[in-house]
Amino acid sequence: MKIIVANNAGFCFGVKQAMNKTINTIGNTNNKKVYTYGPLIHNDQVIEKLESMGISAIKNVKDAKDNIMIIRSHGVSLKIYDLSNENNIEIIDATCPFVRNVQKIVKEYYDKDYGIVIVGNPNHPEVIGINGWCNNNAYIVQELKDIDIIKNCEKICVVAQTTITLELWNSVVKKLEEKVEVLKKFNTICTATKERQESCAEVAKQVDAMIVIGGYHSSNTQKLVQISKKYCPNTYHIEIAEELPIVQLKNLNKIGVTAGASTPDWIIKEAIEKMNNMEKENNSMMDMMEEIENTLRVPRRGTTVKGTVIHVTDDEIMVNIGYKSDGIIPKSEISNDPFVNPHQIAKEGDEIEAYVLRTDDGEGNILLSKKRIDIEKKLGNIRRSS
(Lines give C-alpha, C1' and ligand atoms only; values in the text may rest on other atoms or scores of the structure.)
Protein backbone atom coordinates (compact mmCIF):
# COMPACT_ATOMS: atom_id res chain seq x y z
CA MET A 1 0.00 0.00 0.00
CA LYS A 2 1.24 3.46 -0.92
CA ILE A 3 -0.01 6.49 1.00
CA ILE A 4 0.03 9.85 -0.78
CA VAL A 5 -0.40 12.93 1.42
CA ALA A 6 -1.77 16.03 -0.30
CA ASN A 7 0.20 19.24 0.04
CA ASN A 8 -1.09 21.83 2.51
CA ALA A 9 -2.97 19.27 4.60
CA GLY A 10 -3.83 20.35 8.15
CA PHE A 11 -3.74 23.69 9.94
CA CYS A 12 -3.81 26.68 7.64
CA PHE A 13 -1.87 29.75 8.74
CA GLY A 14 -4.95 31.52 10.12
CA VAL A 15 -5.92 28.59 12.35
CA LYS A 16 -2.33 28.02 13.47
CA GLN A 17 -2.07 31.71 14.41
CA ALA A 18 -5.31 31.48 16.41
CA MET A 19 -4.06 28.38 18.23
CA ASN A 20 -0.70 29.99 19.04
CA LYS A 21 -2.30 33.18 20.35
CA THR A 22 -4.67 31.14 22.49
CA ILE A 23 -1.94 28.96 23.99
CA ASN A 24 0.27 32.02 24.61
CA THR A 25 -2.57 33.67 26.52
CA ILE A 26 -2.51 30.92 29.15
CA GLY A 27 -0.30 31.98 32.04
CA ASN A 28 -0.56 35.65 31.11
CA THR A 29 -4.10 36.30 32.25
CA ASN A 30 -3.59 38.31 35.48
CA ASN A 31 -6.18 36.03 37.13
CA LYS A 32 -8.73 36.72 34.40
CA LYS A 33 -10.73 33.95 32.76
CA VAL A 34 -10.17 33.21 29.07
CA TYR A 35 -13.02 32.69 26.62
CA THR A 36 -13.27 32.24 22.86
CA TYR A 37 -16.14 33.85 20.98
CA GLY A 38 -17.58 30.64 19.55
CA PRO A 39 -15.51 27.43 19.21
CA LEU A 40 -11.95 28.42 18.32
CA ILE A 41 -11.83 25.95 15.41
CA HIS A 42 -14.14 23.32 13.96
CA ASN A 43 -12.47 20.33 15.60
CA ASP A 44 -14.00 18.64 18.63
CA GLN A 45 -10.73 17.07 19.77
CA VAL A 46 -8.95 20.44 19.91
CA ILE A 47 -11.91 22.06 21.68
CA GLU A 48 -11.81 19.33 24.35
CA LYS A 49 -8.10 19.98 24.91
CA LEU A 50 -8.70 23.71 25.26
CA GLU A 51 -11.53 23.12 27.74
CA SER A 52 -9.19 20.95 29.83
CA MET A 53 -6.84 23.97 29.91
CA GLY A 54 -9.61 26.22 31.22
CA ILE A 55 -10.57 27.95 27.95
CA SER A 56 -14.31 27.99 27.28
CA ALA A 57 -16.34 28.98 24.22
CA ILE A 58 -19.17 31.48 24.64
CA LYS A 59 -22.01 32.69 22.41
CA ASN A 60 -22.81 35.90 24.30
CA VAL A 61 -20.11 38.59 24.54
CA LYS A 62 -21.40 39.74 27.94
CA ASP A 63 -20.43 36.34 29.40
CA ALA A 64 -16.79 37.47 29.15
CA LYS A 65 -17.36 40.72 31.07
CA ASP A 66 -14.18 41.97 32.81
CA ASN A 67 -12.21 39.00 31.42
CA ILE A 68 -10.36 37.99 28.23
CA MET A 69 -12.04 37.04 24.96
CA ILE A 70 -10.28 35.55 21.95
CA ILE A 71 -11.67 36.35 18.51
CA ARG A 72 -11.16 33.27 16.35
CA SER A 73 -9.74 33.20 12.83
CA HIS A 74 -13.22 33.55 11.28
CA GLY A 75 -13.38 37.15 12.53
CA VAL A 76 -16.40 39.03 13.89
CA SER A 77 -18.58 42.02 13.10
CA LEU A 78 -17.69 45.56 14.18
CA LYS A 79 -20.49 45.39 16.73
CA ILE A 80 -18.62 42.72 18.70
CA TYR A 81 -15.68 45.07 19.25
CA ASP A 82 -18.04 47.75 20.54
CA LEU A 83 -19.77 45.31 22.92
CA SER A 84 -16.40 44.13 24.20
CA ASN A 85 -15.34 47.67 24.98
CA GLU A 86 -18.62 48.35 26.79
CA ASN A 87 -18.11 45.25 28.96
CA ASN A 88 -14.44 45.89 29.82
CA ILE A 89 -13.30 42.82 27.90
CA GLU A 90 -9.66 42.41 26.89
CA ILE A 91 -9.59 41.29 23.25
CA ILE A 92 -7.05 38.87 21.79
CA ASP A 93 -7.72 39.24 18.06
CA ALA A 94 -6.82 36.12 16.06
CA THR A 95 -8.74 37.08 12.91
CA CYS A 96 -7.09 35.47 9.88
CA PRO A 97 -5.28 38.12 7.75
CA PHE A 98 -7.16 36.91 4.67
CA VAL A 99 -10.49 37.40 6.46
CA ARG A 100 -9.40 40.82 7.73
CA ASN A 101 -8.66 41.82 4.14
CA VAL A 102 -12.21 40.84 3.10
CA GLN A 103 -13.66 42.85 5.99
CA LYS A 104 -11.70 45.96 4.96
CA ILE A 105 -12.79 45.65 1.33
CA VAL A 106 -16.45 45.31 2.31
CA LYS A 107 -16.34 48.34 4.62
CA GLU A 108 -14.49 50.46 2.04
CA TYR A 109 -16.99 49.81 -0.74
CA TYR A 110 -20.06 49.92 1.50
CA ASP A 111 -18.94 53.41 2.56
CA LYS A 112 -18.75 54.25 -1.17
CA ASP A 113 -22.44 53.30 -1.53
CA TYR A 114 -21.82 50.01 -3.32
CA GLY A 115 -24.16 47.10 -2.79
CA ILE A 116 -22.22 44.21 -1.20
CA VAL A 117 -22.41 40.57 -2.31
CA ILE A 118 -20.71 37.86 -0.27
CA VAL A 119 -20.37 34.49 -2.00
CA GLY A 120 -20.57 31.90 0.75
CA ASN A 121 -22.62 30.15 3.40
CA PRO A 122 -24.94 32.62 5.21
CA ASN A 123 -24.68 30.55 8.40
CA HIS A 124 -20.89 30.40 8.47
CA PRO A 125 -19.30 32.57 11.21
CA GLU A 126 -16.85 34.12 8.74
CA VAL A 127 -19.67 35.31 6.48
CA ILE A 128 -21.72 36.55 9.45
CA GLY A 129 -18.70 38.51 10.65
CA ILE A 130 -17.95 40.02 7.22
CA ASN A 131 -21.60 41.07 6.87
CA GLY A 132 -21.18 42.97 10.13
CA TRP A 133 -18.68 45.31 8.40
CA CYS A 134 -21.41 46.62 6.08
CA ASN A 135 -24.17 47.03 8.65
CA ASN A 136 -25.49 43.52 7.85
CA ASN A 137 -26.81 44.74 4.50
CA ALA A 138 -24.92 42.33 2.24
CA TYR A 139 -26.57 39.93 -0.19
CA ILE A 140 -25.34 36.41 0.64
CA VAL A 141 -25.07 34.15 -2.40
CA GLN A 142 -24.63 30.44 -1.74
CA GLU A 143 -26.18 29.22 -5.00
CA LEU A 144 -26.68 30.84 -8.40
CA LYS A 145 -30.42 31.21 -7.79
CA ASP A 146 -29.66 33.48 -4.81
CA ILE A 147 -28.53 36.19 -7.25
CA ASP A 148 -32.18 36.77 -8.15
CA ILE A 149 -32.79 38.48 -4.77
CA ILE A 150 -30.32 41.29 -5.61
CA LYS A 151 -32.33 44.43 -6.32
CA ASN A 152 -29.70 47.18 -6.50
CA CYS A 153 -27.78 46.38 -9.69
CA GLU A 154 -26.07 49.69 -10.40
CA LYS A 155 -22.90 49.30 -8.31
CA ILE A 156 -21.95 45.99 -6.70
CA CYS A 157 -18.82 44.89 -4.85
CA VAL A 158 -18.53 41.09 -4.67
CA VAL A 159 -16.20 39.18 -2.33
CA ALA A 160 -15.83 35.51 -1.39
CA GLN A 161 -15.89 33.55 1.81
CA THR A 162 -12.24 32.52 1.98
CA THR A 163 -12.99 28.77 1.88
CA ILE A 164 -15.43 28.47 -1.05
CA THR A 165 -14.49 26.68 -4.27
CA LEU A 166 -13.15 28.56 -7.27
CA GLU A 167 -15.85 26.87 -9.37
CA LEU A 168 -18.63 28.52 -7.31
CA TRP A 169 -16.89 31.91 -7.41
CA ASN A 170 -16.47 31.86 -11.18
CA SER A 171 -20.08 30.86 -11.84
CA VAL A 172 -21.47 33.59 -9.54
CA VAL A 173 -19.24 36.31 -11.01
CA LYS A 174 -20.21 35.33 -14.55
CA LYS A 175 -23.91 35.71 -13.75
CA LEU A 176 -23.36 38.99 -11.87
CA GLU A 177 -21.51 40.42 -14.87
CA GLU A 178 -24.66 39.88 -16.92
CA LYS A 179 -26.84 41.66 -14.36
CA VAL A 180 -24.79 44.46 -12.79
CA GLU A 181 -23.82 47.77 -14.42
CA VAL A 182 -20.66 48.39 -12.33
CA LEU A 183 -19.09 45.32 -10.73
CA LYS A 184 -16.03 45.40 -8.47
CA LYS A 185 -14.74 41.82 -8.14
CA PHE A 186 -12.42 40.68 -5.35
CA ASN A 187 -11.60 36.98 -5.43
CA THR A 188 -10.85 36.66 -1.71
CA ILE A 189 -10.55 32.87 -1.61
CA CYS A 190 -7.36 32.53 0.41
CA THR A 191 -4.22 31.17 -1.21
CA ALA A 192 -4.02 28.27 1.24
CA THR A 193 -7.60 27.24 0.44
CA LYS A 194 -7.03 27.28 -3.33
CA GLU A 195 -3.79 25.31 -2.98
CA ARG A 196 -5.39 22.83 -0.56
CA GLN A 197 -8.30 22.19 -2.94
CA GLU A 198 -6.05 21.88 -5.99
CA SER A 199 -3.69 19.42 -4.30
CA CYS A 200 -6.68 17.44 -2.99
CA ALA A 201 -8.01 17.06 -6.55
CA GLU A 202 -4.56 16.13 -7.83
CA VAL A 203 -4.18 13.30 -5.30
CA ALA A 204 -7.79 12.10 -5.66
CA LYS A 205 -7.26 11.54 -9.39
CA GLN A 206 -4.49 8.99 -8.80
CA VAL A 207 -5.61 6.89 -5.81
CA ASP A 208 -7.97 4.00 -5.10
CA ALA A 209 -9.40 5.64 -1.98
CA MET A 210 -9.26 9.10 -0.44
CA ILE A 211 -9.21 9.85 3.30
CA VAL A 212 -10.32 13.37 4.25
CA ILE A 213 -9.60 14.19 7.89
CA GLY A 214 -11.43 17.01 9.61
CA GLY A 215 -14.38 18.12 11.72
CA TYR A 216 -17.82 17.12 10.47
CA HIS A 217 -18.94 20.75 10.89
CA SER A 218 -15.91 22.24 9.11
CA SER A 219 -16.91 24.06 5.93
CA ASN A 220 -13.51 23.77 4.23
CA THR A 221 -13.28 20.05 5.11
CA GLN A 222 -16.71 19.41 3.58
CA LYS A 223 -15.53 21.07 0.37
CA LEU A 224 -12.48 18.79 0.30
CA VAL A 225 -14.86 15.83 0.59
CA GLN A 226 -16.89 17.13 -2.37
CA ILE A 227 -13.76 17.61 -4.47
CA SER A 228 -12.42 14.16 -3.56
CA LYS A 229 -15.68 12.42 -4.46
CA LYS A 230 -15.66 14.14 -7.84
CA TYR A 231 -12.47 12.28 -8.78
CA CYS A 232 -12.46 9.33 -6.37
CA PRO A 233 -15.80 7.67 -5.46
CA ASN A 234 -14.16 5.82 -2.56
CA THR A 235 -13.83 8.92 -0.40
CA TYR A 236 -14.10 8.64 3.38
CA HIS A 237 -14.55 11.60 5.75
CA ILE A 238 -13.21 10.93 9.25
CA GLU A 239 -12.45 13.03 12.33
CA ILE A 240 -10.00 10.69 14.09
CA ALA A 241 -7.87 7.65 13.24
CA GLU A 242 -10.26 5.25 15.00
CA GLU A 243 -12.86 6.00 12.30
CA LEU A 244 -10.66 4.73 9.45
CA PRO A 245 -12.52 2.12 7.31
CA ILE A 246 -9.79 -0.49 7.72
CA VAL A 247 -11.69 -3.31 6.00
CA GLN A 248 -12.32 -1.21 2.88
CA LEU A 249 -8.68 -0.05 2.73
CA LYS A 250 -6.85 -3.32 3.30
CA ASN A 251 -6.48 -4.52 -0.27
CA LEU A 252 -5.99 -1.16 -2.00
CA ASN A 253 -2.74 -0.12 -3.68
CA LYS A 254 -2.88 3.68 -3.33
CA ILE A 255 -4.57 5.73 -0.61
CA GLY A 256 -4.68 9.51 -0.64
CA VAL A 257 -4.82 11.66 2.51
CA THR A 258 -5.78 15.28 2.97
CA ALA A 259 -7.07 17.29 5.92
CA GLY A 260 -9.11 20.40 6.62
CA ALA A 261 -7.65 23.67 7.84
CA SER A 262 -8.81 22.95 11.40
CA THR A 263 -7.18 19.52 11.66
CA PRO A 264 -4.12 19.40 13.95
CA ASP A 265 -0.99 17.56 12.83
CA TRP A 266 -1.22 14.95 15.55
CA ILE A 267 -4.57 13.69 14.26
CA ILE A 268 -3.19 13.44 10.70
CA LYS A 269 -0.13 11.59 11.98
CA GLU A 270 -2.27 9.16 13.99
CA ALA A 271 -4.32 8.31 10.90
CA ILE A 272 -1.22 7.77 8.75
CA GLU A 273 0.43 5.70 11.48
CA LYS A 274 -2.66 3.52 11.79
CA MET A 275 -2.68 2.84 8.04
CA ASN A 276 1.04 2.16 8.00
CA ASN A 277 0.75 -0.23 10.92
CA MET A 278 -2.03 -1.96 9.04
CA GLU A 279 0.48 -2.84 6.30
CA LYS A 280 3.58 -2.64 8.52
CA GLU A 281 5.17 -0.05 6.25
CA ASN A 282 6.95 1.98 8.92
CA ASN A 283 9.51 3.46 6.52
CA SER A 284 6.88 5.21 4.42
CA MET A 285 5.36 6.68 7.58
CA MET A 286 8.54 8.65 8.27
CA ASP A 287 8.38 10.08 4.74
CA MET A 288 4.81 11.21 5.32
CA MET A 289 5.72 12.86 8.61
CA GLU A 290 8.53 14.78 6.98
CA GLU A 291 6.22 15.92 4.18
CA ILE A 292 3.71 17.29 6.71
CA GLU A 293 6.43 19.09 8.66
CA ASN A 294 7.75 20.70 5.46
CA THR A 295 4.40 22.42 4.88
CA LEU A 296 4.71 24.17 8.26
CA ARG A 297 8.19 25.66 7.80
CA VAL A 298 8.60 29.40 7.33
CA PRO A 299 11.58 31.24 5.83
CA ARG A 300 14.30 32.33 8.23
CA ARG A 301 15.11 35.92 9.00
CA GLY A 302 17.81 37.28 6.71
CA THR A 303 17.00 35.01 3.77
CA THR A 304 15.81 36.06 0.32
CA VAL A 305 12.46 34.85 -1.01
CA LYS A 306 10.59 35.12 -4.30
CA GLY A 307 6.82 35.34 -4.61
CA THR A 308 3.78 36.63 -6.47
CA VAL A 309 2.03 39.91 -5.63
CA ILE A 310 -1.57 39.17 -4.57
CA HIS A 311 -2.73 42.56 -3.29
CA VAL A 312 -1.50 46.18 -3.38
CA THR A 313 -2.74 49.06 -1.24
CA ASP A 314 -1.53 52.62 -0.64
CA ASP A 315 0.41 51.36 2.39
CA GLU A 316 1.75 47.89 1.52
CA ILE A 317 2.30 45.07 -0.95
CA MET A 318 1.05 41.58 -0.02
CA VAL A 319 3.06 38.71 -1.52
CA ASN A 320 2.35 34.99 -1.74
CA ILE A 321 5.73 33.38 -1.00
CA GLY A 322 4.52 29.77 -0.94
CA TYR A 323 4.28 29.35 2.82
CA LYS A 324 1.43 29.12 5.34
CA SER A 325 1.55 32.89 5.81
CA ASP A 326 1.92 35.59 3.19
CA GLY A 327 4.59 38.26 3.13
CA ILE A 328 3.91 41.96 3.71
CA ILE A 329 6.16 44.69 2.28
CA PRO A 330 5.22 47.93 4.12
CA LYS A 331 5.60 51.22 2.29
CA SER A 332 8.72 52.09 4.31
CA GLU A 333 10.44 48.92 2.99
CA ILE A 334 9.46 49.28 -0.67
CA SER A 335 11.89 52.07 -1.51
CA ASN A 336 14.13 54.72 0.01
CA ASP A 337 11.78 57.28 -1.53
CA PRO A 338 9.31 58.22 1.28
CA PHE A 339 6.79 59.41 -1.32
CA VAL A 340 6.74 56.18 -3.31
CA ASN A 341 3.34 54.91 -4.47
CA PRO A 342 3.14 51.10 -4.04
CA HIS A 343 0.79 50.90 -7.04
CA GLN A 344 3.60 52.26 -9.25
CA ILE A 345 6.02 49.61 -8.00
CA ALA A 346 3.93 46.44 -8.33
CA LYS A 347 0.58 45.08 -9.39
CA GLU A 348 -1.26 41.81 -8.72
CA GLY A 349 0.41 38.90 -10.50
CA ASP A 350 3.92 40.45 -10.58
CA GLU A 351 6.86 38.31 -9.51
CA ILE A 352 8.88 40.00 -6.77
CA GLU A 353 12.02 39.28 -4.73
CA ALA A 354 12.32 40.38 -1.10
CA TYR A 355 14.42 40.13 2.06
CA VAL A 356 12.92 38.54 5.20
CA LEU A 357 13.01 41.05 8.08
CA ARG A 358 10.78 39.22 10.57
CA THR A 359 8.82 35.96 10.46
CA ASP A 360 5.91 37.55 12.37
CA ASP A 361 4.98 41.22 12.13
CA GLY A 362 2.61 40.99 15.11
CA GLU A 363 -0.41 40.05 12.96
CA GLY A 364 0.92 36.72 11.74
CA ASN A 365 2.42 37.97 8.47
CA ILE A 366 6.04 37.65 7.34
CA LEU A 367 7.61 41.13 7.18
CA LEU A 368 9.59 41.67 3.97
CA SER A 369 11.81 44.37 2.47
CA LYS A 370 12.22 45.12 -1.23
CA LYS A 371 14.58 48.04 -0.77
CA ARG A 372 17.13 45.81 1.02
CA ILE A 373 17.29 43.59 -2.07
CA ASP A 374 17.64 46.62 -4.36
CA ILE A 375 20.48 48.01 -2.22
CA GLU A 376 22.35 44.68 -2.21
CA LYS A 377 22.03 44.42 -6.00
CA LYS A 378 23.42 47.94 -6.48
CA LEU A 379 26.36 47.18 -4.15
CA GLY A 380 27.04 44.00 -6.09
CA ASN A 381 27.14 45.90 -9.37
CA ILE A 382 29.55 48.47 -7.88
CA ARG A 383 31.89 45.73 -6.64
CA ARG A 384 31.90 44.01 -10.03
CA SER A 385 32.66 47.26 -11.88
CA SER A 386 35.49 48.32 -9.54
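Which helices each supply at least two residues of the lining of the second largest pocket? I found helix 6 (166–179), helix 7 (191–204) and helix 8 (219–231); helices are DSSP runs of H or I with at least four residues, numbered from the N terminus.

The model is predicted, with local features needing pLDDT of at least 70, side-chain atom pairs pLDDT 80 or more, and totals for chains, interfaces and linings using all residues. Residues are numbered from 1 along each chain, and side-chain values use heavy atoms, without hydrogens and water.

Entry 1, pocket. I read about 500 Å³ for the second largest pocket. Of its 20 lining residues, Thr165, Leu166, Glu167, Gln197 and Ile227 are the closest to the centre. Pocket here means an open set of points on a 1 Å grid where a 1.4 Å probe fits, with protein on both sides within 12 Å along at least five of seven lines; lining residues have an atom within 4 Å of a point. Helix 8 gives the most to the lining, 7 residues.

I placed Thr221 in helix 8. Thr221 counts as buried because its relative accessibility is 0%. Beyond neighbours within four places in sequence, Thr221 is in contact (heavy atoms within 4.5 Å) with Val212, Ile213, Gly214, Gly215, His237 and Gly260.

Note on methods. Points joined across faces, edges and corners; volume = space filled by probe spheres on them. Buried < 20%, exposed > 50% of the residue type's maximum accessible area, 1.4 Å probe, protein only.
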